[in-house]
Amino acid sequence: MPRFMIRWAKKLIHQDYLNGFLCQDYQGVQFADECLKYLQISVQVEGLENIDLAGRYTFACNHPLGGADALALVKVMGGLFGENCRFPVNDFLMNIKAMSGMFIPVNKVGGQSRELALGMEAAFASEYQIGTFPAGKCSRKYNGVIQDREWGKSFITKSVQYKREVVPCWFSGHNSKRFYRWDRIGRLLGLKFPLAMVLLPDELYKARGTTIKMVIGKPIPYQTFDNSKKPMEWAAEVRRMVYEEHN
């Protein structure tokens, strides 16, 4: 790459600013907590009284931001359960070594290998609390509305299989107009590479000094998700609950 492009890329991702935090030796939940402090991002939580610390849960959340909301989820769940939490993430995020011990690689950017699928099964079968963004990527603008795409069904099927209650969670916030514009351009051009993803470090940087609101809903018993609807329909129903209760 030409040097001017390298300089532009470093500026776009705020390399020096982010490295100022990454060079510190934080791990796990502490990493997420201290990162939010570094960014001066506050998290306001409602609904903590809905969680029984003796329960076994799948936290299913909307994903409006892509960075700050993920950090907030780790912080809140870590505050409740300590390091006894696991989070499915794509292979790109596995490069965050300080958090990799709490991550379940699912390789959403590429293919899904048998080994990774077995890792996911093991996590849901365990006593870990699972936090997930069923959309698989952060919200985009669809039909003029900023929202998640269709939620995947695996959080339903695995919660039923391993007898976990599903906790619907809602996060506030949105990214910049530029983010949604880049995403729209990428989709119009039919690009396989998620063009807007390049902007996520900049979106995280722009979120400095803001407050994120997280609302934790009442756990839904796994028996609710019976054969009266298909798993994808149940996933859509939980997604609808998350959005309708906060719009």
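Q: How many salt bridges does the structure hold?
A: This predicted model holds 12 salt bridges.

Q: What makes aspartate 183 and arginine 140 a salt bridge?
A: Their closest N and O atoms are 2.9 Å apart. The cut-off is 4 Å, from a side-chain nitrogen of Lys or Arg to a carboxyl oxygen of Asp or Glu. The pair therefore counts as a salt bridge.

Q: Why can this pair be said to tie parts together?
A: Aspartate 183 lies in helix 7, and arginine 140 in strand 6. These parts are 43 residues apart in sequence, so the pair links them.

Q: Why is aspartate 183 called buried?
A: Buried means under 20% relative accessible area. Aspartate 183 has 7% relative accessibility, so the residue counts as buried.

Q: What makes arginine 240 and glutamate 237 a salt bridge?
A: The closest N and O atoms are 2.4 Å apart, and the cut-off is 4 Å. The two residues are 3 apart in helix 9, about one helical turn. Salt bridges that share partners join Lys229, Glu237, Arg240 and Glu244 into one network.

Q: Why is helix 4 called largely enclosed?
A: 10 of its 14 residues are buried, so the rest of the structure largely encloses helix 4. Among the buried ones are Leu71, Leu73, Val76 and Phe81.

Q: How do you know that the length of helix 4 agrees with its residue count?
A: At 1.5 Å a residue, helix 4 should span 20 Å. Its end C-alpha atoms are 20 Å apart, which agrees.

Q: Which residues touch the most other members of the largest nonpolar core?
A: Phe59, Leu73, Phe87, Phe171 and Ile216 do, in a core of 39 residues. Helix 4 gives the most to this core, with 8 residues.

Note on methods. Residues are numbered from 1 along each chain as its sequence is written. This is a predicted model: local features need pLDDT of at least 70, side-chain atom pairs count only at pLDDT 80 or more; totals for chains, interfaces and linings use all residues. Side-chain values use heavy atoms; hydrogens and water are left out. Helices (H or I, at least four residues) and strands (E, at least two) are DSSP runs, numbered from the N terminus. The expected span of a helix is 1.5 Å times one less than its number of residues. Buried means under 20% relative accessible area, exposed over 50%, partly exposed in between (1.4 Å probe, protein chains only). A nonpolar core is a set of buried Ala, Val, Leu, Ile, Met, Phe, Trp, Tyr and Cys residues joined through side-chain atoms within 4.5 Å.
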